[in-house]
Amino acid sequence: MNLHMASSKVPNLRWFFSAFVMGLTAILVLAARVQAQTPQAVTDDDVNRIASQLYCPVCENVTLDVCPTTACDRWRTAIRAKLEAGWSDQAIEDYFVEQYGARVIGTPPRIGLGWLLYAVAPASAIGLGVAAYFVLRRKPGNQAVTRNSAPVPTAEIKNWREKLDRDIHKDEPV
């Protein structure tokens, strides 16, 4: 009987040890999840990171992170609240664009006619480069063009300039 009791106690210890290990694992997993879900303290740097990308609704060309107006102070408070609530940076920007329009982000959206602003500058630069190439590639001819667009031989222009120089310097004392 002693042998039978000893053998019956061993499985109970294994069950207890298995339950203890599984319970400890479950506690560690839950602790990790709670820590991941706990919001971190929002710092002024976090608020200013987003506020530096948004523009004041009252002042012109002033970002929220440096604007002293009451409206910007309220916006910074709203940014802090949204960060504490777990919103992403992009979600906060999208919220302000939805509420106040695309002017708050400082860069035109790349939708609708806004894409033209991104296309006109490079297209203009390319066009000016091509025009400059053709202008500089053109070889100077032997003839100059006057106001009435009639070609005048270069030799005649040289003669006129020499005569003009003589007339100008004729009255000067030597």
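Predicted model: local features only at pLDDT ≥ 70, side-chain atom pairs only at ≥ 80, totals over all residues.

Colleague: Okay, how many helices and strands does the protein have?

Modeller: Six helices and two strands. From the N terminus the order is α-α-α-α-α-β-β-α. Helices here are DSSP runs of H or I with at least four residues, and strands are runs of E with at least two, numbered from the N terminus.

Colleague: And how much of the protein is buried?

Modeller: Buried residues are 13% of the 174. Buried means under 20% relative accessible area, exposed means over 50%, and partly exposed is in between (1.4 Å probe, protein chains only).

Colleague: Switching topic: how many aromatic pairs turn up?

Modeller: A search of the whole structure gives six. One of them is Trp-87 with Tyr-95, an edge-to-face pair at 5.8 Å centre to centre with 85° between the planes. Rings of Phe, Tyr and Trp (its six-membered ring) pair if their centres lie within 6.5 Å; planes under 30 degrees apart are stacked, over 60 edge-to-face, and the rest tilted.

Colleague: What sits over the ring of Trp-87?

Modeller: The charged end of Lys-82, 4.3 Å from the ring centre. Lys-82 also lies over the face of Tyr-95, at 4.1 Å from that ring's centre. The rule is that NZ of Lys or CZ of Arg is within 6 Å of the ring centre and within 35 degrees of the ring normal.

Colleague: Last one: which residues make the nonpolar surface patch?

Modeller: Trp-15, Phe-16, Phe-17, Phe-20, Val-21, Leu-24 and Leu-28, covering about 810 Å². Patch residues have over 30% relative accessible area and no salt bridge, with nonpolar side chains (Val, Leu, Ile, Met, Phe, Trp, Tyr) joined within 5 Å and like charges within 9 Å. A salt bridge is a side-chain nitrogen of Lys or Arg within 4 Å of a carboxyl oxygen of Asp or Glu.

Colleague: Where does Phe-17 lie?

Modeller: In helix 1, residues 2–37. Phe-17 is exposed, with a relative accessible area of 54%.

Notes. Residues numbered from 1 in each chain as written. Heavy atoms only, no water. Areas by Shrake-Rupley, 256 points an atom, 1.4 Å probe, with all protein chains shown as cover.
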